[in-house]
Amino acid sequence: MDEAAIQARGLRKSFGTTRVLTGVDLTVPAGTLLALLGPNGSGKTTTVRILTTLLAADGGVATVAGHDVAREGAAVRRAIGLTAQHATVDDLLTGRENLELFAGLHHLGARDARRRAAELLERFDLAAAADRRVGTYSGGMRRRLDLAASMVAAPRILFLDEPTTGLDPRSRAELWSVIRELLGAGTTILLTTQYLEEADRLADRIAVIDHGRIAADDTPDALKRQVGTERLTLRLQRPEDLPGAGARLSTDADDAAPQLDADARELTMAIHHPDQLRDALTRLHEADIAVEQVELRTPTLDDVYFELTKAAAA
Amino acid sequence: MSTITAPARTGPAVVSGAGRATTPGDLRRLVGRALRREGRRLDALFVNLALPVGIMVVFVYVFGGAITTGASGLDYVDFVVPAVLLLSAGYGAALTASNVAEDLHGGMIDRLRTLPIRSWVVPTSHVVASVVRNVVTAALALGAALALGFRPDATVTDWALVLALVIGYVLALSAIAVVWGLLVSSTQAAEAFSFIVLFLPYLSDGFVPAETMPGLLRGFAEHQPITPMVETVRGLLLDQPIGNAGWTAAAWIVAGVVISVPIAAVLFRRRTT
């Protein structure tokens, strides 16, 4: 397939007076994973619901597997699998019954449905729990079953809406490995997440969504370069030093000004290289600005946002 | 996860083995799912299995001795059977509201809607399952009544008509329950429908003769839908004249179905887009 597996141009959606999407553009080449990164309320789920034909957009066009989501819903549904944010499996049925039901509704014959269900249970590490009711499953097991349910018809394109939210670290790691396997086998995946780390680990490209529009769309490395590999936070002893410290540390040509927090007497900036840390401390020392505390951490989604929205505003 | 070894895509054999979309087949699968769910819910089992027998026993043995059947001159067990049949089946049908609401608010609907099936099959499956369940419930109530001394005097045609009426009643009520389930914002609110349905038969000619009620209630009892249904079932089973009650009952049922089905269809479309 030459064309993109998923393509959206100018998607708009409002609920009443709330404008949830103000023009979303996305392209996901076949066989790649795009992470749609954003906080709650940024429009991730709405985007997924439009692309999976669950919701009609107010404006814009989107094609999935070459079919228009608004006009060729049935064709789109045949090509996709969706794992929505909340579990979409039946709690009162067993894992096997769920998968056999969905296989049947995908119009596999009874024997094929049974075989497919057994195969998926095995593959998603649920064989031991296959005949237990889903209500007794752990969060991670439910997510895996949900993912297995999305894979019943071996879709070419998979939508995963916050697949790891609420999972413990081990279940999250397990789910990541499943997602990598699917990707390795040629599935195109659009995954939404609130976690930069998740996007970083899985995605070929990351689209950052902010207030219903795409604020950035780039490779994980390029985004990280923009945000900085590490975040440095310095707490000063004297609040009145803060503006001066900010001025001294923003002289680097390639970097925008550090983020200042007057209440906490803190200053936060991106660090791309360890030398920058030494350099920053030296400059403050030379200006006789006393530092009370130094903290280095990996960037969070908030940092990505801050950097991107700052870039957009500039 | 070491067990994940097979390639993500299965060979085309499995997937292209997918047959044509068959709506009757989809409906059958979803009805199977709905019935299976009911069989695993204690509250549903109670409503469908224990309630009809319990109510029959309570009315015949506990209240029966104290209630006069008025001008009809019937034994109380004979008098009350139709009301208990409709009460039990109706209460079970009312559960449809919760089942629909649960699908809608629990997320299952999103999965079902991304499948290549017609979306109306989903609420319809709950209605069909409800009819199946509640005909069984009515049969249980009837079995209990027979054990407690109910002696019907009915021909095969009469029985067939009673069955048709019970099916129609459950169908209409289940369709209305779907509307209710689609209107409310939570599963809890959906359950309120059961109380209305549970209450209605008491204000009919089914448990006590309407002529013993005070004016306003009596007026209500004589004109609400349960009364003609009770009178029809009573007349058919005991070989008594039913007058216009049969047609009135049929009109209520047809009206219930004809009005609620399109409303349900519109609401379902609206609530799921």
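## Basis and conventions

This is a predicted model, in which local features need pLDDT of at least 70 and side-chain atom pairs count only at pLDDT 80 or more, while totals for chains, interfaces and linings use all residues. Residues are numbered from 1 along each chain as its sequence is written, and chains are lettered from A and ligands numbered from 1 in the order in which they are written.

Helices (H or I, at least four residues) and strands (E, at least two) are DSSP runs, numbered from the N terminus. Two residues are in contact if their C-beta atoms, placed from the backbone, lie within 7 Å. A residue is buried if 20 or more other C-beta atoms lie within 10 Å of its own, exposed if 12 or fewer, and partly exposed in between; these C-beta atoms are also placed from the backbone.

## Domains of chain A

Chain A has a domain 1 at 6-224 and a domain 2 at 230-297, with bounds that come from an automatic or database domain assignment. The C-alpha centres of domain 1 and domain 2 of chain A are 41 Å apart.

## Overall features of chain B

Chain B contains eleven helices and zero strands, and its pattern along the sequence reads α-α-α-α-α-α-α-α-α-α-α. The C-alpha trace of chain B spans about 75 × 35 × 35 Å along its principal axes.

Of the 273 residues in chain B, 47% are buried. Among the contacts in chain B with a separation of 6 or more, 80% are between residues 24 or more positions apart.

For the helix pairs, axes are lines fitted to C-alpha atoms over the stretch in contact, and angles run from 0 to 180 degrees between N-to-C directions. Angles under 35 degrees count as roughly parallel, over 145 as roughly antiparallel, 65 to 115 as roughly perpendicular and the rest as oblique. A crossing is left-handed if the near helix is turned anticlockwise from the far one by less than a right angle, and right-handed if clockwise. In the residue classes, Ala, Val, Leu, Ile, Met, Phe, Trp, Tyr, Cys and Pro count as nonpolar, Asp, Glu, Lys and Arg as charged, and the others, Gly among them, as polar.

The axes of H10(B) and H11(B) come within 8 Å and cross at roughly 130°, which means that H10(B) is oblique to H11(B). Their crossing is left-handed. From H10(B), the contact involves Pro228(B), Met229(B), Glu231(B), Thr232(B) and Gly235(B); from H11(B), it involves Ala245(B), Gly246(B), Thr248(B), Ala249(B) and Trp252(B). By class, the residues of this contact are five nonpolar, four polar and one charged.

## Two partners of H3(A)

Helix H3 (residues 95-105) of chain A packs with helix H2 (residues 23-39) of chain B, their axes coming within 9 Å and crossing at roughly 165°. H3(A) is therefore roughly antiparallel to H2(B), and the crossing is left-handed. Leu101(A), Gly104(A) and Leu105(A) of H3(A) make the contact with Asp26(B), Arg29(B) and Arg33(B) of H2(B). The residues of this contact divide into two nonpolar, one polar and three charged.

Within chain A, H3(A) packs with helix H5 (residues 139-150) at an angle of about 20°, the axes being 9 Å apart. H3(A) is therefore roughly parallel to H5(A), and this crossing is right-handed. Gly95(A), Asn98(A), Leu99(A) and Phe102(A) of H3(A) meet Leu145(A), Ala148(A) and Ala149(A) of H5(A). This contact has five nonpolar, two polar and no charged residues.

## Loop residues

Val152(A) is in the loop between H5 and strand E7 (157-161) of chain A. Val152(A) is buried, with 26 other C-beta atoms within 10 Å. Neighbours within four places in sequence aside, Val152(A) is in contact with Leu99(A), Phe102(A), Ala103(A), His106(A), Arg116(A) and Leu120(A).

Most residues other than glycine have a negative phi. His211(A) has a positive phi, near 50°, and is found in the loop between strand E9 (205-210) and strand E10 (213-218) of chain A. His211(A) is partly exposed, with 14 other C-beta atoms within 10 Å. Asp239(B) also has a positive phi, near 55°, and is in the loop between helix H10 (226-238) and helix H11 (245-271) of chain B. Asp239(B) counts as exposed, with 11 C-beta neighbours inside 10 Å.
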